[in-house]
Amino acid sequence: MKVRLAYGREGLEVELPDERTTVIEPTFVPGLPDAKGAILTALRNPIGTPPLRQIVEPTQSVAISVCDITRPMPSKTLLPLLLGELRHVPPENITILIATGTHRTNTEEELAEMLGEGVVDKYRVVNHNGFDDDSPEKIGSTDSGIEVLLNRRWVESDIRITTGFVEPHFFAGFSGGPKMVAPGLAGFPTIMRLHDAAMIGHPNARFAITVGNPIHDAIREIARMSSVDFSVDVTINRDKRITSVYAGELFAVHKAACAVAQRLAMQPVSAPFDLVLTTNSGYPLDQNLYQAVKGMSAAAQVVREGGRIICAAECSEGVPEHGQYRDILALCGSPSEVLEMIQQTEYERHDQWQAQIQAQIQMKADVYLKSSCLTEQQVTDAHLTPVGRIEDTIEDCGPDASICVLPEGPQTIPYISAG
């Protein structure tokens with residue numbers, strides 16, 4: 001059978017044996033026939049709050065948290081409509097904050113692509129910098145002792161609005177909602193505590209779990225401390241079209257969007273597979289190897305102990321160059337050494353969480369990488385096995401190997417069904 005994988009902007013077609021291949025995809029829902037109309041309806045009929053136009057006074061300052069370039073959030077569609085509901089507020093009173101967390105700064109060209117030139121030209125757009133010691137402001141500490149440092153512009157604004165894209169997240173449960181406050185707008189010390197070895201290693205720090213997941217529990221507490229006034233969350237399909245939109249009170253909105261994402265993404269299987277072929281959902285999610293660990297995580301849910309994972313991720317941006325993910329991997333000779341190093345008491349380094357999750361996966365299965373933008377040396381330096389032709393690697397597994405394919409990567413979360 002021929003299967004088209006989400007890979008870069010163009011996709012990648014592979015030929016697989018019919019008789020032993022299982023293709024698992026999210027339940028497909030067409031995009032809303034009138035997405036703009038649905039957004040306006042949500043904004044004007046919100047859950048648990050008055051409409052946005054009634055919440056904001058013309059003299060108040062407004063901060064809006066939006067996704068960065070690594071997320072396929074349809075901000076170009078949503079933002080103009082949201083800002084239209086704030087037309088009574090002078091543009092100079094509104095700041096759009098790119099919730100980068102510890103990701104790199106987005107370029108001017110990317111901002112125009114993400115938000116639309118009309119928005120970039122008219123409003124103040126600021127890339128959050130979690131490493132700027134002068135930018136975050138401390139607003140307190142969580143019950144577990146995490147010091148909460150958030151973007152100063154966000155904290156000092158009269159009105160705070162989040163906009164998010166909800167999908168299952170490999171250690172925070174789901175994206176969107178409260179994640180648009182922390183880690184999206186948090187200072188590095190806060191982000192580091194949310195991603196330390198104990199948090200990442202917790203058995204409930206995984207896809208689709210929010211309550212009882214120590215990471216999401218803390219994120220939710222931080223968002224509550226921050227006092228978000230209004231929130232908008234959307235879900236999308238494989239064509240990046242909006243399938244649902246909710247607006248209003250932060251937690252009610254996020255719960256509604258998570259229910260949709262979980263119903264569509266979670267797919268049961270009866271037994272683990274010898275080999276799982278996954279992706280990182282194509283561009284923009286597969287821009288680099290760091291992000292591709294999410295696709296590996298989706299595959300790890302249904303690969304057998306000692307099996308193989310092949311991840312197809314274009315990695316047009318490289319490993320990447322920024323951050324310390326590559327350096328952490330380079331310090332060790334194997335995934336087991338990576339885990340041992342990160343789990344040392346007091347170990348603390350930017351990007352250690354991604355290296356830890358990758359190493360945890362590699363304790364279960366061998367991981368191969370198909371990338372047209374990374375050299376073989378870059379792949380092997382990351383403790384992965386480079387793949388030339390995917391079909392050849394699958395053939396090497398033998399004629400009886402059971403195969404699972406996740407063409408949309410972590411947009412699909414397979415799980416072993418107890419029934």
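User: Hi! Which way do strand 9 and strand 12 run, and how many bridges join them?
Analyst: Strand 9 (residues 159-165) and strand 12 (residues 230-236) run parallel, joined by five bridges. Strands here are DSSP E runs of at least two residues and helices are H or I runs of at least four, numbered from the N terminus; two strands pair if DSSP finds at least two bridges between them. Bear in mind that this is a predicted model, where local features need pLDDT of at least 70, side-chain atom pairs count only at pLDDT 80 or more, and totals for chains, interfaces and linings use all residues. Residues are numbered from 1 along each chain as its sequence is written, and side-chain values use heavy atoms, with hydrogens and water left out.

User: Thanks! Which residue stands opposite Thr162?
Analyst: That's Ser231, in strand 12.

User: And what is the strand order in the open sheet?
Analyst: The six strands go 6-5-4-9-12-13, with mixed pairing. At the edges are strand 6 (124-127) and strand 13 (242-248), each pairing on one side only.

User: What does helix 3 touch?
Analyst: Helix 3 (residues 75-84) packs on the sheet, touching strand 4 (62-66), strand 5 (94-98), strand 9 and strand 12; contact means heavy atoms within 4.5 Å. Its direction makes about 165° with that of strand 4. Such angles run from 0 to 180 degrees between N-to-C directions, with axes fitted to C-alpha atoms, for helices over the stretch in contact.

User: Switching topic: how many aromatic pairs are there?
Analyst: Three. One of them is Tyr290 with Tyr325, edge-to-face at 5.7 Å centre to centre and 90° between the planes. Rings of Phe, Tyr and Trp (its six-membered ring) pair if their centres lie within 6.5 Å; planes under 30 degrees apart count as stacked, over 60 as edge-to-face and the rest as tilted.

User: Where do those two tyrosines sit in the chain?
Analyst: Tyr290 is in helix 11 (residues 289-300) and Tyr325 in helix 12 (residues 325-330), 35 residues apart.

User: Are they buried or exposed?
Analyst: Tyr290 and Tyr325 are both buried, where buried means under 20% relative accessible area, exposed over 50% and partly exposed in between (1.4 Å probe, protein chains only).

User: Why is strand 17 described as largely enclosed?
Analyst: Because four of its five residues (366-370) are buried.
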